Amino acid sequence: MYNSYLNLFGVTQEDLKKLIDIALEEGGDYADLYFEHSIANELALRDKQVNAVGSHIDYGVGIRVISGDQTGYAYSEITTMSKMVEAARTAAKIATGSKSRYTAPENVTLLGGNNFYPIAKGWDETFVTDKIPYLYKLNDIAFGLDSRVVKVSARISDSLTKILFFNSLGETFADMRPMVSIICSCVMEENGKLENGSASRSFRMGFELLNDTIVEEVAKEAIAKTSFLFGAKQPKGGVMPVVMGSGSSGILLHEAVGHAFEADFNRKQTSIFCDKMGKQVCDKSINIIDDGTITANRGSVNYDDEGVPGQKTYLVKDGVLNSYLHDRISAKYYNTAPTGNGRRESFRYIPIPRMRATYMDSGTASEEDIIASVKYGIYADNFTNGQVQIGAGDFTFFVKSGYLIENGKFTQPIKDINIIGNGPEALREITAVANNNIIDNGTWTCGKEQYCAVSCGMPSVLVNKLTVGGCTNE
């Protein structure tokens, strides 16, 4: 595969070495080349017809030079030698350093071995006509499930990205990264009242993902989520216990603490956790992990975007802050090994510390017992988005649906509420962790200066005290 990628980008091994030489001719300490060829397709159904299709090709190379604390970056959408030399010299000048003589490694190490997203049938072997029937099946199942359905929108998006990487350490790899997402949104009407909901699945897989089982699963979930809302109301707001349901409540980890564990924020001392390494930050029963090795997971990486193997990183182990999420720059600063979290949106961007699949290990309690322990609070099980202030750790999440808990039992279905809190405080307020961890395989995308595919998960947990923003009266 490696030689075919050299051919794809029209370069030789000697060309790569020459570009690195040029990138470091101003005295840089390190340089890397990131070639990318990506084909993305989308097929959409609206008004019971498959009536929109699109395809996009992206191609180019990004060249990074690091000199001390300075980073220079330039990219080219053309991979002729003259254009790449120009980009290399631009990156070198941006990263200004003292003149020194770079000596290239005698041997090149071809990285390999990881295969976290095996493909049975690639998207480059798949035609639009292969995908169309699945959208019609999804549409028919959704309309057939409930007579209140008035509109269904569905989409299948797929991409295949080919990466060639080479750096001044003599490390190189080629990677083929698939992605596929299937999404269903519906609108339902009952007595003149409209509600909407959606469901999605996304994996690093090929055409083999599409089958009758997943189509039915997504359609049923979209209808169930929407139907639930007709009987739901906003609860009275206030400070109260919150039971986070397993799965999509992992957004709590991603937003409330995950970003604050990214090493660039800590290196710049803008994270509230910058002085907490090795300290107890929550109950000893809690383990928080960021994992790039889950087979076919949306956030997995064979190698990250700076040539570091995908790996499983314990951020919190037995309640103690164990590791930040490192790229090469932060790892050098902290004198530790990079964790495989150097990621980028495309060749147009520099890699920075980013999450992959962030989740909490299962505990020992049952969800039933956790709910039974709450006298008055809420159960939240359908999160849609959130945001956080990294420095202060304050967060807000939007909860699409859940239940009011009264005397240890579900009573009124609830919807459209905000949960407000502080990341470190929320961690400390987790007093029970259930034995039901689930990774949510929806189309989660993280926006931190640039966009990256991620996933999240969590077992059901009891947070003793959070602010619930609901209605202002009974």
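**Cavity lining and nonpolar cores**

Helix 6 and helix 10 (423-428) each put at least two residues into the lining of the second largest cavity; helices here are DSSP runs of H or I, at least four residues long, numbered from the N terminus. The model is a predicted one, so to speak of local features takes a pLDDT of at least 70 and side-chain atom pairs count only at pLDDT 80 or more, while totals for chains, interfaces and linings use all residues. Residues are numbered from 1 along each chain as its sequence is written, and side-chain values use heavy atoms, with hydrogens and water left out.

Searching the whole structure turns up two cavities of 30 Å³ or more. A cavity is a set of points, on a 1 Å grid over the protein atoms alone, where a 1.4 Å probe fits but cannot get out, and lining residues have an atom within 4 Å of a point. Volume is the space filled by probe spheres set on the points. The second largest cavity holds about 40 Å³. Helix 6 leads its lining with four residues, and the lining as a whole includes Leu252, Ala256, Gly423 and Ile430. By class that makes seven nonpolar, one polar and no charged residues, with Gly counted as polar.

Turning to the cores, the largest nonpolar one (buried nonpolar residues joined through side-chain atoms within 4.5 Å; buried means under 20% relative accessible area, 1.4 Å probe, protein chains only) has 46 residues, and Met244, Ile288, Met360, Ile378 and Ile419 touch the most other members. Helix 6 (residues 251-258) is again the top contributor, giving this core five residues. A second, separate core has 31 residues, among them Ala142 and Phe230.

Conventions. Buried means under 20% relative accessible area, exposed over 50%, partly exposed in between (1.4 Å probe, protein chains only). On a 1 Å grid over the protein atoms alone, a cavity is a set of points where a 1.4 Å probe fits but cannot get out, and a pocket is an open set with protein on both sides within 12 Å along at least five of seven lines; lining residues have an atom within 4 Å of a point.
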